[in-house]
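Please keep the sequence and the structure open while reading.

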Amino acid sequence: MTESRRSASPATLAELARRIKDGRKDLGLTAERLARRADVTVRYVQAMEAQEIKNPGLQNLLQLAAALELDSGDFLRDLPPVEVG
């Protein structure tokens, strides 16, 4: 039996990057400050904004939403679906 892997679509990654960057700028935060607030590395924030992380973890996304003072449901709502392959 083969195991399928799920990864975010390019459209999902682009939308998450936009939401993170816009939210960060709306709050006047640097990537470093957002990383501290979200308890993630600054490289993770930069990689998310650059759409380099193909399979972001839910826990990290929830931490970013909280650090951006966004409701997690609103932050994740209406994202394009994942691709299975």
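In this predicted model, helix H2 spans residues 31-38, and its buried residues are Ala 31, Leu 34, Ala 35 and Ala 38. Viewed down the axis of H2, these buried residues fall within an arc of 100°, so they line one face of the helix.

- Just after H2 comes Asp 39, which takes a positive phi of about 60°.

- Side chains of opposite charge can pair when their charged atoms come close.
- Arg 19 and Glu 15 form a salt bridge through their side chains, with an N to O distance of 2.7 Å.
- Both residues, Arg 19 and Glu 15, belong to helix H1, where they stand 4 residues apart, about one turn of the helix.
- Arg 19 has a relative accessible area of 14%, and buried means under 20%, so Arg 19 is buried.
- Glu 15, at 19% relative accessibility, also falls under the 20% cut-off and therefore counts as buried.
- Glu 15 and Arg 19 are part of a network of salt bridges that also links Arg 18 and Asp 22.

- The side chains of Glu 49 and Arg 24 meet in a salt bridge, at 2.7 Å from N to O.
- Glu 49 is in helix H3 and Arg 24 is in helix H1, so this pair ties together parts that are 25 residues apart in sequence.
- Glu 49 and Arg 24 are both buried.

- Glu 69 and Arg 37 form a salt bridge between their side chains, with 2.7 Å from N to O.
- Glu 69 lies in the loop between H4 and helix H5 (72-76), while Arg 37 lies in helix H2, so the pair ties together parts that are 32 residues apart in sequence.
- Is Glu 69 buried or exposed? At 54% relative accessibility, Glu 69 counts as exposed, because the cut-off for exposed is over 50%.
- Arg 37, at 34% relative accessibility, counts as partly exposed.

How values were computed:
Residues are numbered from 1 along each chain as its sequence is written. This is a predicted model: local features need pLDDT of at least 70, side-chain atom pairs count only at pLDDT 80 or more; totals for chains, interfaces and linings use all residues. Side-chain values use heavy atoms; hydrogens and water are left out. Buried means under 20% relative accessible area, exposed over 50%, partly exposed in between (1.4 Å probe, protein chains only). Helices (H or I, at least four residues) and strands (E, at least two) are DSSP runs, numbered from the N terminus. The arc is that of the directions from the helix axis to the C-beta atoms. A salt bridge is a side-chain nitrogen of Lys or Arg within 4 Å of a carboxyl oxygen of Asp or Glu.
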